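I opened this entry to record what I looked up, one topic at a time.

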Amino acid sequence: MIRLGLYGTGNRTKALLDSLCNDDFYKVHGAYDLNQDSAEALASKYGGTVCRTPEELVSLEGVDAFLISLSPFAHAEALRRTIPAGKPVFVEKPVSFSASEVAELAALAEQRRVPVQVGFMRRYLPESIAALAYLRENDPGRIFCVDCNWFHHGDTEMNFCLYQQPGNFRLQVSQIPFHCCHMLDLLLLMGGPVRRVSSQRIKVTERPYPSPDDLIANIEFANGANGRFHYSSMVYYTEMSYRFHAENYSIKMNAGMNQLEFFRRPRFRTSQLGSAPAQRKDFHSFNESYESFCRPQIVNFSQSLNVANENIMYDFVRMVRDGVPPAADLRTAVRVQGLAEAIEESGCLGRPVELAQDGQPVKEKGLS
Ligand SMILES: NC(=O)c1ccc[n+]([C@@H]2O[C@H](COP(=O)([O-])OP(=O)(O)OC[C@H]3O[C@@H](n4cnc5c(N)ncnc54)[C@H](O)[C@@H]3O)[C@@H](O)[C@H]2O)c1
(Lines give C-alpha, C1' and ligand atoms only; values in the text may rest on other atoms or scores of the structure.)
Protein backbone atom coordinates (compact mmCIF):
# COMPACT_ATOMS: atom_id res chain seq x y z
CA MET A 1 0.00 0.00 0.00
CA ILE A 2 1.47 3.36 -1.06
CA ARG A 3 1.80 5.81 1.84
CA LEU A 4 1.02 9.29 0.56
CA GLY A 5 2.38 12.60 1.78
CA LEU A 6 -0.23 15.22 0.85
CA TYR A 7 1.02 18.71 0.14
CA GLY A 8 -2.30 20.55 0.04
CA THR A 9 -5.64 19.25 1.27
CA GLY A 10 -8.14 21.22 -0.86
CA ASN A 11 -11.00 20.07 -3.11
CA ARG A 12 -8.83 18.60 -5.85
CA THR A 13 -6.80 16.50 -3.41
CA LYS A 14 -10.03 15.00 -2.05
CA ALA A 15 -11.37 14.26 -5.54
CA LEU A 16 -8.13 12.48 -6.46
CA LEU A 17 -8.06 10.52 -3.20
CA ASP A 18 -11.71 9.48 -3.55
CA SER A 19 -11.24 8.19 -7.09
CA LEU A 20 -9.64 4.90 -5.96
CA CYS A 21 -10.24 5.08 -2.20
CA ASN A 22 -11.62 1.53 -1.85
CA ASP A 23 -8.95 -0.25 -3.87
CA ASP A 24 -6.22 -0.43 -1.25
CA PHE A 25 -3.63 1.08 -3.58
CA TYR A 26 -2.78 3.98 -1.26
CA LYS A 27 -3.50 5.56 2.07
CA VAL A 28 -2.80 8.98 3.58
CA HIS A 29 0.33 8.91 5.70
CA GLY A 30 0.87 12.64 6.28
CA ALA A 31 -0.78 15.91 5.26
CA TYR A 32 0.24 19.53 5.25
CA ASP A 33 -1.77 22.58 4.24
CA LEU A 34 -1.30 26.27 4.92
CA ASN A 35 -4.82 26.10 6.28
CA GLN A 36 -4.36 23.78 9.24
CA ASP A 37 -8.11 23.28 9.76
CA SER A 38 -8.30 21.86 6.26
CA ALA A 39 -5.39 19.45 6.93
CA GLU A 40 -6.98 18.34 10.20
CA ALA A 41 -10.40 17.81 8.62
CA LEU A 42 -8.80 15.72 5.88
CA ALA A 43 -6.78 13.63 8.34
CA SER A 44 -9.84 12.97 10.48
CA LYS A 45 -11.58 11.50 7.41
CA TYR A 46 -8.70 9.77 5.58
CA GLY A 47 -6.19 9.25 8.40
CA GLY A 48 -2.51 10.25 8.54
CA THR A 49 -0.41 12.63 10.59
CA VAL A 50 -1.06 16.37 10.33
CA CYS A 51 2.21 18.18 9.64
CA ARG A 52 2.61 21.78 10.82
CA THR A 53 5.24 22.79 8.26
CA PRO A 54 6.32 21.70 4.78
CA GLU A 55 9.67 20.58 6.26
CA GLU A 56 7.83 18.25 8.66
CA LEU A 57 5.92 16.69 5.75
CA VAL A 58 8.99 16.29 3.54
CA SER A 59 11.01 14.60 6.29
CA LEU A 60 8.13 12.48 7.63
CA GLU A 61 9.32 8.88 8.03
CA GLY A 62 7.53 6.33 5.85
CA VAL A 63 6.18 8.49 2.98
CA ASP A 64 6.39 6.61 -0.36
CA ALA A 65 5.20 9.41 -2.66
CA PHE A 66 4.02 13.01 -2.54
CA LEU A 67 0.82 14.44 -3.98
CA ILE A 68 0.95 18.22 -4.49
CA SER A 69 -2.22 20.19 -5.18
CA LEU A 70 -2.21 23.85 -4.16
CA SER A 71 -2.75 27.31 -5.48
CA PRO A 72 -0.81 27.15 -8.78
CA PHE A 73 1.44 29.92 -7.49
CA ALA A 74 2.74 27.51 -4.82
CA HIS A 75 3.42 24.40 -6.95
CA ALA A 76 6.99 25.26 -7.98
CA GLU A 77 8.13 25.90 -4.43
CA ALA A 78 6.47 22.67 -3.26
CA LEU A 79 8.34 20.74 -5.97
CA ARG A 80 11.62 22.37 -4.94
CA ARG A 81 11.02 21.12 -1.42
CA THR A 82 9.79 17.59 -2.23
CA ILE A 83 12.02 16.48 -5.15
CA PRO A 84 15.19 16.32 -2.97
CA ALA A 85 13.43 13.76 -0.74
CA GLY A 86 13.85 11.33 -3.65
CA LYS A 87 10.24 10.00 -3.74
CA PRO A 88 7.92 10.00 -6.78
CA VAL A 89 5.68 13.06 -7.01
CA PHE A 90 2.29 13.88 -8.51
CA VAL A 91 1.80 17.62 -9.04
CA GLU A 92 -1.34 19.36 -10.23
CA LYS A 93 -1.32 21.65 -13.22
CA PRO A 94 -0.14 24.29 -13.89
CA VAL A 95 3.28 23.60 -12.42
CA SER A 96 4.24 27.25 -12.84
CA PHE A 97 3.31 30.21 -15.03
CA SER A 98 6.89 30.28 -16.33
CA ALA A 99 8.13 27.65 -18.79
CA SER A 100 11.73 28.36 -17.81
CA GLU A 101 10.90 27.65 -14.17
CA VAL A 102 9.26 24.35 -15.19
CA ALA A 103 12.40 23.50 -17.20
CA GLU A 104 14.53 24.22 -14.14
CA LEU A 105 12.35 21.86 -12.07
CA ALA A 106 12.48 19.19 -14.79
CA ALA A 107 16.30 19.36 -14.67
CA LEU A 108 16.23 19.04 -10.87
CA ALA A 109 13.94 15.98 -11.05
CA GLU A 110 16.17 14.38 -13.70
CA GLN A 111 19.30 15.07 -11.68
CA ARG A 112 17.68 13.44 -8.59
CA ARG A 113 16.08 10.66 -10.71
CA VAL A 114 12.66 11.48 -9.30
CA PRO A 115 9.65 10.71 -11.53
CA VAL A 116 7.14 13.56 -11.52
CA GLN A 117 3.65 13.16 -12.98
CA VAL A 118 1.69 16.29 -13.92
CA GLY A 119 -2.12 16.47 -13.68
CA PHE A 120 -3.00 17.02 -17.35
CA MET A 121 -6.33 15.39 -16.98
CA ARG A 122 -8.24 15.83 -20.22
CA ARG A 123 -5.90 13.35 -21.95
CA TYR A 124 -7.45 10.77 -19.57
CA LEU A 125 -11.05 11.35 -20.71
CA PRO A 126 -12.41 8.33 -22.58
CA GLU A 127 -12.88 10.29 -25.81
CA SER A 128 -9.29 11.57 -25.67
CA ILE A 129 -7.95 8.08 -25.01
CA ALA A 130 -9.97 6.73 -27.98
CA ALA A 131 -8.88 9.58 -30.31
CA LEU A 132 -5.20 9.18 -29.41
CA ALA A 133 -5.42 5.39 -29.82
CA TYR A 134 -7.01 5.89 -33.27
CA LEU A 135 -4.15 8.21 -34.25
CA ARG A 136 -1.59 5.66 -33.13
CA GLU A 137 -3.26 2.72 -34.82
CA ASN A 138 -4.28 4.37 -38.11
CA ASP A 139 -1.70 6.15 -40.23
CA PRO A 140 -3.07 9.68 -40.71
CA GLY A 141 -0.69 10.39 -43.63
CA ARG A 142 0.20 14.05 -43.90
CA ILE A 143 -1.35 16.04 -41.05
CA PHE A 144 -2.94 19.27 -42.28
CA CYS A 145 -4.55 20.91 -39.29
CA VAL A 146 -5.38 20.73 -35.59
CA ASP A 147 -8.00 23.25 -34.61
CA CYS A 148 -9.32 23.79 -31.06
CA ASN A 149 -11.97 25.96 -29.42
CA TRP A 150 -12.27 26.71 -25.72
CA PHE A 151 -15.34 28.90 -25.13
CA HIS A 152 -16.87 29.62 -21.75
CA HIS A 153 -18.87 32.30 -19.96
CA GLY A 154 -16.04 33.80 -17.95
CA ASP A 155 -18.55 36.00 -16.13
CA THR A 156 -19.98 33.11 -14.12
CA GLU A 157 -16.61 32.05 -12.75
CA MET A 158 -15.63 35.63 -12.00
CA ASN A 159 -18.98 36.39 -10.31
CA PHE A 160 -18.83 33.24 -8.20
CA CYS A 161 -15.33 34.05 -6.95
CA LEU A 162 -16.13 37.73 -6.33
CA TYR A 163 -19.21 36.88 -4.25
CA GLN A 164 -18.06 33.71 -2.50
CA GLN A 165 -14.24 33.51 -2.55
CA PRO A 166 -12.62 36.87 -3.31
CA GLY A 167 -9.21 35.39 -2.39
CA ASN A 168 -9.53 32.52 -4.91
CA PHE A 169 -6.46 32.21 -7.14
CA ARG A 170 -8.83 31.83 -10.11
CA LEU A 171 -9.27 35.62 -10.07
CA GLN A 172 -5.54 36.12 -10.52
CA VAL A 173 -4.73 33.83 -13.42
CA SER A 174 -5.44 33.78 -17.11
CA GLN A 175 -7.49 30.79 -18.21
CA ILE A 176 -5.05 30.02 -21.03
CA PRO A 177 -2.18 28.67 -18.90
CA PHE A 178 -4.45 27.82 -15.97
CA HIS A 179 -7.28 25.81 -17.51
CA CYS A 180 -6.75 25.59 -21.28
CA CYS A 181 -3.40 23.88 -20.54
CA HIS A 182 -5.44 20.64 -20.75
CA MET A 183 -6.46 21.50 -24.33
CA LEU A 184 -2.93 22.61 -25.27
CA ASP A 185 -1.63 19.28 -23.95
CA LEU A 186 -3.99 17.47 -26.36
CA LEU A 187 -3.19 19.84 -29.21
CA LEU A 188 0.50 18.93 -28.82
CA LEU A 189 -0.30 15.23 -28.61
CA MET A 190 -2.26 15.44 -31.87
CA GLY A 191 -0.08 17.84 -33.86
CA GLY A 192 3.42 17.37 -32.40
CA PRO A 193 5.95 20.08 -31.51
CA VAL A 194 5.16 23.71 -32.37
CA ARG A 195 7.52 26.02 -34.25
CA ARG A 196 5.78 29.42 -34.21
CA VAL A 197 2.70 31.11 -32.80
CA SER A 198 0.96 34.27 -33.93
CA SER A 199 -2.00 35.52 -31.88
CA GLN A 200 -4.60 38.22 -31.99
CA ARG A 201 -5.87 39.16 -28.57
CA ILE A 202 -8.82 41.30 -27.51
CA LYS A 203 -9.16 42.57 -23.97
CA VAL A 204 -11.53 45.50 -23.71
CA THR A 205 -14.11 44.43 -21.10
CA GLU A 206 -13.39 45.99 -17.75
CA ARG A 207 -13.58 43.33 -15.04
CA PRO A 208 -11.24 41.82 -12.45
CA TYR A 209 -10.47 38.80 -14.61
CA PRO A 210 -7.04 38.49 -16.28
CA SER A 211 -8.19 36.17 -19.06
CA PRO A 212 -8.47 37.75 -22.51
CA ASP A 213 -11.99 38.44 -23.79
CA ASP A 214 -11.09 36.67 -27.01
CA LEU A 215 -7.90 35.32 -28.53
CA ILE A 216 -7.12 33.46 -31.74
CA ALA A 217 -3.68 31.91 -32.14
CA ASN A 218 -2.40 30.63 -35.47
CA ILE A 219 0.03 27.84 -34.82
CA GLU A 220 2.72 26.37 -37.10
CA PHE A 221 3.65 22.83 -36.17
CA ALA A 222 7.19 21.61 -36.79
CA ASN A 223 5.78 18.97 -39.19
CA GLY A 224 4.35 21.72 -41.40
CA ALA A 225 0.74 21.33 -40.25
CA ASN A 226 -1.48 24.30 -39.45
CA GLY A 227 -2.94 24.78 -36.01
CA ARG A 228 -5.42 27.15 -34.47
CA PHE A 229 -6.43 27.73 -30.87
CA HIS A 230 -9.41 29.94 -30.15
CA TYR A 231 -10.18 31.03 -26.59
CA SER A 232 -13.12 33.18 -25.61
CA SER A 233 -14.47 34.15 -22.21
CA MET A 234 -17.18 36.34 -23.78
CA VAL A 235 -19.41 33.51 -24.97
CA TYR A 236 -22.81 32.59 -23.59
CA TYR A 237 -22.47 28.85 -23.99
CA THR A 238 -19.65 26.39 -23.37
CA GLU A 239 -17.72 24.65 -26.10
CA MET A 240 -14.60 22.54 -25.97
CA SER A 241 -13.92 21.11 -29.37
CA TYR A 242 -11.08 19.77 -31.47
CA ARG A 243 -10.84 19.24 -35.24
CA PHE A 244 -8.06 17.13 -36.73
CA HIS A 245 -7.62 16.97 -40.53
CA ALA A 246 -5.13 14.67 -42.23
CA GLU A 247 -4.66 12.96 -45.56
CA ASN A 248 -6.39 9.75 -44.50
CA TYR A 249 -9.06 10.92 -42.10
CA SER A 250 -10.60 13.73 -40.09
CA ILE A 251 -11.54 13.57 -36.43
CA LYS A 252 -14.02 15.76 -34.56
CA MET A 253 -13.91 15.65 -30.79
CA ASN A 254 -16.38 17.56 -28.62
CA ALA A 255 -17.20 17.79 -24.95
CA GLY A 256 -20.94 16.94 -24.71
CA MET A 257 -22.80 15.22 -27.54
CA ASN A 258 -21.17 13.22 -30.34
CA GLN A 259 -17.94 13.26 -28.47
CA LEU A 260 -15.91 11.55 -31.14
CA GLU A 261 -16.48 11.33 -34.89
CA PHE A 262 -14.08 9.68 -37.35
CA PHE A 263 -14.43 10.48 -41.05
CA ARG A 264 -12.19 8.29 -43.21
CA ARG A 265 -11.17 9.20 -46.71
CA PRO A 266 -12.45 6.48 -49.06
CA ARG A 267 -9.76 3.87 -48.97
CA PHE A 268 -9.36 2.70 -52.59
CA ARG A 269 -9.61 4.35 -56.01
CA THR A 270 -12.90 2.54 -56.64
CA SER A 271 -14.44 3.85 -53.44
CA GLN A 272 -13.12 7.34 -54.21
CA LEU A 273 -14.39 7.43 -57.80
CA GLY A 274 -17.36 5.06 -57.81
CA SER A 275 -17.41 1.95 -60.01
CA ALA A 276 -18.14 3.77 -63.29
CA PRO A 277 -16.67 7.27 -63.09
CA ALA A 278 -16.92 7.90 -66.84
CA GLN A 279 -20.69 7.65 -66.66
CA ARG A 280 -20.99 10.20 -63.91
CA LYS A 281 -22.03 13.41 -65.50
CA ASP A 282 -22.04 15.82 -62.60
CA PHE A 283 -20.17 16.73 -59.48
CA HIS A 284 -22.98 15.56 -57.17
CA SER A 285 -22.92 11.99 -58.36
CA PHE A 286 -19.18 11.87 -57.68
CA ASN A 287 -19.83 13.23 -54.23
CA GLU A 288 -22.56 10.69 -53.52
CA SER A 289 -20.27 7.75 -53.97
CA TYR A 290 -17.34 9.43 -52.21
CA GLU A 291 -19.36 10.49 -49.23
CA SER A 292 -21.02 7.14 -48.76
CA PHE A 293 -17.58 5.90 -47.74
CA CYS A 294 -16.81 8.91 -45.54
CA ARG A 295 -19.84 8.69 -43.28
CA PRO A 296 -18.60 9.08 -39.74
CA GLN A 297 -18.18 6.50 -37.13
CA ILE A 298 -19.69 8.25 -34.09
CA VAL A 299 -18.75 7.24 -30.59
CA ASN A 300 -20.32 8.57 -27.39
CA PHE A 301 -19.12 7.89 -23.90
CA SER A 302 -21.48 7.94 -20.97
CA GLN A 303 -18.85 8.22 -18.27
CA SER A 304 -18.26 11.42 -16.33
CA LEU A 305 -15.07 13.25 -15.38
CA ASN A 306 -14.74 10.72 -12.55
CA VAL A 307 -13.34 8.21 -15.00
CA ALA A 308 -10.52 10.60 -15.88
CA ASN A 309 -9.73 11.04 -12.17
CA GLU A 310 -9.65 7.26 -11.78
CA ASN A 311 -7.38 6.90 -14.83
CA ILE A 312 -4.91 9.57 -13.77
CA MET A 313 -4.69 8.21 -10.22
CA TYR A 314 -4.17 4.68 -11.49
CA ASP A 315 -1.25 5.96 -13.62
CA PHE A 316 0.13 7.54 -10.44
CA VAL A 317 -0.16 4.17 -8.68
CA ARG A 318 1.61 2.48 -11.60
CA MET A 319 4.40 5.08 -11.49
CA VAL A 320 4.99 4.65 -7.74
CA ARG A 321 4.30 0.93 -7.38
CA ASP A 322 5.59 -0.43 -10.71
CA GLY A 323 8.11 2.20 -11.80
CA VAL A 324 6.19 3.00 -15.02
CA PRO A 325 7.39 6.42 -16.27
CA PRO A 326 4.68 9.09 -16.18
CA ALA A 327 2.91 9.78 -19.48
CA ALA A 328 2.85 13.52 -18.75
CA ASP A 329 6.00 14.58 -16.93
CA LEU A 330 7.72 17.90 -16.27
CA ARG A 331 9.13 17.99 -19.84
CA THR A 332 5.53 17.75 -21.10
CA ALA A 333 4.67 20.60 -18.74
CA VAL A 334 7.50 22.72 -20.22
CA ARG A 335 5.98 22.31 -23.71
CA VAL A 336 2.44 23.01 -22.53
CA GLN A 337 3.37 26.08 -20.48
CA GLY A 338 5.74 27.22 -23.25
CA LEU A 339 2.88 27.11 -25.75
CA ALA A 340 0.47 28.91 -23.39
CA GLU A 341 3.09 31.57 -22.80
CA ALA A 342 3.85 32.01 -26.50
CA ILE A 343 0.12 32.30 -27.27
CA GLU A 344 -0.39 35.06 -24.72
CA GLU A 345 2.91 36.79 -25.40
CA SER A 346 2.32 36.96 -29.13
CA GLY A 347 -1.13 38.50 -28.50
CA CYS A 348 0.31 41.13 -26.17
CA LEU A 349 3.38 41.98 -28.28
CA GLY A 350 1.57 41.89 -31.62
CA ARG A 351 4.24 39.75 -33.30
CA PRO A 352 4.89 36.03 -33.83
CA VAL A 353 6.75 34.12 -31.12
CA GLU A 354 9.08 31.24 -31.98
CA LEU A 355 9.44 28.16 -29.82
CA ALA A 356 12.71 26.36 -29.11
CA GLN A 357 13.01 22.59 -29.49
CA ASP A 358 12.20 21.96 -25.84
CA GLY A 359 9.00 24.00 -26.22
CA GLN A 360 10.07 27.18 -24.46
CA PRO A 361 9.32 30.49 -26.17
CA VAL A 362 12.40 32.11 -27.65
CA LYS A 363 12.90 35.53 -26.06
CA GLU A 364 13.85 38.40 -28.36
CA LYS A 365 17.32 39.70 -27.66
CA GLY A 366 17.21 42.46 -25.08
CA LEU A 367 13.92 41.23 -23.59
CA SER A 368 13.91 39.32 -20.32
N1 LIG B 1 -6.42 18.51 -13.21
C2 LIG B 1 -7.64 18.95 -12.96
O3 LIG B 1 -8.58 18.63 -13.63
C4 LIG B 1 -7.86 19.91 -11.81
C5 LIG B 1 -9.14 20.16 -11.32
C6 LIG B 1 -9.29 21.04 -10.26
C7 LIG B 1 -8.17 21.67 -9.72
N8 LIG B 1 -6.94 21.41 -10.24
C9 LIG B 1 -5.73 22.06 -9.68
O10 LIG B 1 -5.60 21.69 -8.34
C11 LIG B 1 -5.08 22.76 -7.57
C12 LIG B 1 -5.91 22.95 -6.32
O13 LIG B 1 -7.25 23.29 -6.70
P14 LIG B 1 -8.44 23.16 -5.65
O15 LIG B 1 -9.69 23.32 -6.45
O16 LIG B 1 -8.28 21.94 -4.81
O17 LIG B 1 -8.22 24.46 -4.77
P18 LIG B 1 -8.55 24.62 -3.22
O19 LIG B 1 -8.56 26.09 -2.97
O20 LIG B 1 -9.75 23.81 -2.85
O21 LIG B 1 -7.28 23.96 -2.49
C22 LIG B 1 -6.01 24.53 -2.51
C23 LIG B 1 -5.37 24.25 -1.16
O24 LIG B 1 -4.01 24.66 -1.21
C25 LIG B 1 -3.69 25.28 0.05
N26 LIG B 1 -2.53 26.14 -0.19
C27 LIG B 1 -2.43 27.21 -1.02
N28 LIG B 1 -1.18 27.69 -1.01
C29 LIG B 1 -0.46 26.89 -0.18
C30 LIG B 1 0.90 26.85 0.23
N31 LIG B 1 1.79 27.74 -0.20
N32 LIG B 1 1.29 25.86 1.08
C33 LIG B 1 0.40 24.95 1.54
N34 LIG B 1 -0.90 24.95 1.20
C35 LIG B 1 -1.32 25.91 0.36
C36 LIG B 1 -4.95 26.05 0.43
O37 LIG B 1 -4.98 26.33 1.81
C38 LIG B 1 -6.03 25.05 0.00
O39 LIG B 1 -6.39 24.16 1.04
C40 LIG B 1 -5.05 23.98 -8.49
O41 LIG B 1 -3.72 24.28 -8.82
C42 LIG B 1 -5.82 23.58 -9.71
O43 LIG B 1 -5.26 24.05 -10.90
C44 LIG B 1 -6.76 20.54 -11.25
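My notes below go from domains to sheets, helices and the ligand.

**Domains.** I noted at the start that this is a predicted model. I looked up the domain assignment, which gives domain 1 as 2-120 + 309-329 and domain 2 as 123-303 + 337-354. I then read the separation of the two: the C-alpha centres of domain 1 and domain 2 lie 30 Å apart. For their contact I found 14 residues from domain 1 and twelve residues from domain 2. On the domain 1 side, helix 5 and helix 12 (305-322) each supply at least two residues. I sorted that side of domain 1 by class and got ten nonpolar, three polar and one charged residues.

I traced an open sheet of six strands in the order 3-2-1-4-5-6, and its pairing is parallel. Its edges are strand 3 (49-50) and strand 6 (116-118), each of which pairs on one side only. I checked strand 2 (residues 26-32) against strand 3 and found two bridges between these parallel strands. Ala31 has Val50 of strand 3 as its bridge partner. Helix 2 (residues 36-46) lies across strand 2 and strand 3, and I read its direction as about 160 degrees to strand 2.

I traced another open sheet, of nine strands, in the order 14-13-12-11-7-10-9-8-15, with mixed pairing. Here the edge strands are strand 14 (297-299) and strand 15 (353-354), each pairing on one side only. I followed strand 7 (residues 143-153) along strand 11 (residues 234-246) and found antiparallel pairing over nine bridges. For Cys145 I noted His245 in strand 11 as the bridge partner.

**Helix 5 and helix 13.** I looked at how helix 5 (residues 99-111) packs on helix 13 (residues 330-349): the angle is about 175 degrees and the axes are 8 Å apart. From helix 5 the contact includes Ala99, Val102 and Leu105, and from helix 13 it includes Leu330, Arg331 and Glu341. By class I have nine nonpolar, two polar and two charged residues in this contact.

**Ligand.** Which residues come nearest to the ligand? I found Gly10, Asn11, Arg12, Leu34 and Ala74, out of the 18 residues around the ligand. I divided the shell by class and got five nonpolar, nine polar and four charged residues.

Definitions and conventions
Residues are numbered from 1 along each chain as its sequence is written. This is a predicted model: local features need pLDDT of at least 70, side-chain atom pairs count only at pLDDT 80 or more; totals for chains, interfaces and linings use all residues. A residue is near a molecule or strand if its C-beta atom, placed from the backbone, lies within 6 Å of it. Ala, Val, Leu, Ile, Met, Phe, Trp, Tyr, Cys and Pro count as nonpolar, Asp, Glu, Lys and Arg as charged, and the others, Gly among them, as polar. Two strands pair if DSSP finds at least two bridges between them. Helices (H or I, at least four residues) and strands (E, at least two) are DSSP runs, numbered from the N terminus. Two residues are in contact if their C-beta atoms, placed from the backbone, lie within 7 Å. Axes are lines fitted to C-alpha atoms, for helices over the stretch in contact, and angles run from 0 to 180 degrees between N-to-C directions. Domain bounds come from an automatic or database domain assignment.
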